[in-house]
Amino acid sequence: TEARQDGSAAILADTYVTRLHALLESADRPAIGRIADEFRAARDRGSTVYVAGNGGSSATGAHWVNDLAKGTKRPGHPPMRAMNLTDNVPWLTALANDEGYERIFAAQLETFARPGDVLVVISASGNSPNILRAIETANEYGLVTLGLLGFDGGAALQAVDAAVWIRTEHGEYGLVESAHSAIADIVTACVANEYANEYAAVATVT
């Protein structure tokens with residue numbers, strides 16, 4: 001029984017890795033580049049990047065904001081201002097209790113957002129009411145709206161300015177979330193390495 005279980009796990013792992021590789025291989029490279037470009041532009045003009053997601057996507061957002069804010073800092077260049085909109089739990093629960101869960105992101109944007117800021121939504125379905133309200137509010141406030149989406153893209157696909165869409169069957173959350181996490185790391189690397197040649201040149205001279 002133990003051998004059969006190990007064999008089944010190995011088959012499942014092989015299938016998962018193969019499918020994840022295929023999804024990342026087919027990911028829209030120009031869209032990934034667009035997100036990196038928008039992040040760099042936001043950083044250079046002193047704007048803030050807001051990230052919104054539910055469940056596992058919220059965890060991806062928290063990880064991404066950590067990497068963007070800390071991992072992209074370079075001497076002589078402005079820092080990346082980034083905020084994950086599920087990290088303030090007391091405020092989040094107050095908004096959910098008083099205004100409804102669909103307002104937890106939109107209400108925060110109404111408080112903080114300024115024209116030129118960036119909203120990135122992370123959503124497997126692209127149909128969560130709070131995600132759609134956040135996009136609607138961001139568009140009203142003059143933000144750039146971006147998405148990491150899955151399944152069939154949902155309503156968010158047509159609502160954002162640009163998106164990386166991981167096309168899967170409905171319900172394949174694990175694959176979508178794994179792909180989104182990898183794409184977030186790629187974007188962070190693009191931003192962090194922007195000045196790699198500059199610093200290499202300085203190091204060579206000195």
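## Helix α6 and what follows

Helices here are DSSP runs of H or I with at least four residues, numbered from the N terminus. Keep in mind as you look around that this is a predicted model.

Let's start with α6, which covers residues 129-140. At 1.5 Å a residue, its 12 residues should span 16 Å, and the end C-alpha atoms are 17 Å apart, which agrees. Just after α6 comes G142, with a positive phi of about 80°.

Which residues of α6 are buried? They are N130, I131, A134, I135, T137 and A138. Looking down the helix axis, you will find these buried residues within an arc of 165°, so they line one face of α6.

On the face turned away from the buried side sit the exposed residues P129 and E140.

F151 belongs to the loop between β4 (144-149) and α7 (156-159). Its phi is positive, about 50°, although F151 is not a glycine. Most residues other than glycine have a negative phi. Is F151 buried or exposed? With a relative accessible area of 3%, F151 counts as buried, because buried means under 20%.

T72 is found in the loop between α3 (56-71) and β2 (81-84). T72 is also buried, with a relative accessible area of 3%. Leaving aside residues up to four places away in sequence, T72 touches D67, M80, T188, V191 and A192.

Definitions and conventions
Residues numbered from 1 in each chain as written. Predicted model: local features only at pLDDT ≥ 70, side-chain atom pairs only at ≥ 80, totals over all residues. Heavy atoms only, no water. Helix = DSSP H or I, 4+ residues; strand = E, 2+ residues; numbered from the N terminus. Buried < 20%, exposed > 50% of the residue type's maximum accessible area, 1.4 Å probe, protein only. Contact = heavy atoms within 4.5 Å. Expected span 1.5 Å × (residues − 1). Arc of directions from axis to C-beta.
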